[in-house]
Amino acid sequence: MTSKLKEGFTFLKRFAKEPGRIGSVTPSSKFLTKAMLDRVDWENAKYIAELGAGTGVFTREIVRRARPDAKILVFEIDPALQKVIRDEHPHHEGLSLHSDAQELRKYMTEKGIDELDFVISSLPFTVLPPKMTVRILNGVLECLKPNGHFVAYQYSSIMKHVLKKKFSHMKTRFVLLNVPPAFVYDCWR
């Protein structure tokens with residue numbers, strides 16, 4: 001319980017300092033985590049990227065569920081939150097931590113990854129500058145393998161029309177048991 005309180009306090013403190021960079025006041029619930037990560041075909045997912053890792057709620061579960069040979073690119077722009085993730089996974093060989101999700105292709109190339117199987121996103125697209133959102137989504141489309149999935153959550157349905165334009169298929173789920181409740185978008189081409 002103490003680590004959960006510490007994680008929540010760290011998240012709240014980072015949100016208070018820079019609300020435009022942190023999309024929520026609390027880490028994702030176990031219900032949102034399940035809704036997001038149950039979409040992944042873990043048996044066949046060898047290359048995974050996580051965008052906007054925060055305190056590493058999804059990262060922790062991705063590491064637990066991923067194949068032993070999986071390569072996981074984790075993106076978190078906030079240095080304090082990067083430290084939380086780095087401290088929790090100091091010896092995981094397949095995990096690499098990066099700051100700018102706009103540089104997805106660059107880091108994939110550095111790690112010898114041609115295409116991604118899944119991209120999991122917690123990025124608060126509605127508060128990011130529109131040009132940044134477009135660059136990130138275009139980068140995701142460029143980097144996903146055919147039939148690769150982009151799974152993202154948002155606290156409103158504002159992004160639904162944008163994602164429908166970018167991806168030919170989408171399943172939506174609403175997760176009430178999260179603060180705040182969230183829409184989960186599972187998108188693929």
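Predicted model: local features only at pLDDT ≥ 70, side-chain atom pairs only at ≥ 80, totals over all residues.
View 1. Beyond its neighbours within four places in sequence, T133 touches F125, L128 and M159. T133 sits in helix α6, which spans residues 130–143. A polar side-chain atom of T133 lies 3.4 Å from the backbone oxygen of F125.

**View 2. The open sheet of 7 strands.** The strand order is β3-β2-β1-β4-β5-β7-β6, and the pairing is mixed. Strands β3 (95–98) and β6 (169–175) form the edges, each pairing on one side only. Neighbouring strands of the sheet are turned against each other by 15° on average, direction ignored.

**View 3. The pairing of β6 with β7.** Strand β7 covers residues 182–188. It runs antiparallel to β6, and 7 bridges join the two. Within this pairing, M170 stands opposite C187 of β7.

**View 4. The whole chain, for orientation.** The chain holds 7 helices and 7 strands. Along the sequence they follow the pattern α-α-β-α-β-α-β-α-β-α-β-α-β-β. The chain has 189 residues, and 47% of them count as buried. Among contacts with a separation of 6 or more, 66% link residues 24 or more positions apart. The accessible surface comes to about 9,700 Å². Carbon and sulfur atoms account for 57% of that surface.

Key: Residues numbered from 1 in each chain as written. Heavy atoms only, no water. Helix = DSSP H or I, 4+ residues; strand = E, 2+ residues; numbered from the N terminus. Buried < 20%, exposed > 50% of the residue type's maximum accessible area, 1.4 Å probe, protein only. Contact = heavy atoms within 4.5 Å. Areas by Shrake-Rupley, 256 points an atom, 1.4 Å probe, with all protein chains shown as cover. Polar contact = N/O pair within 3.5 Å; in protein donor to acceptor, adjacent residues only side chain to side chain. Pairing = 2+ DSSP bridges. Axes fitted to C-alpha atoms, helices over the stretch in contact; angles between N-to-C directions.
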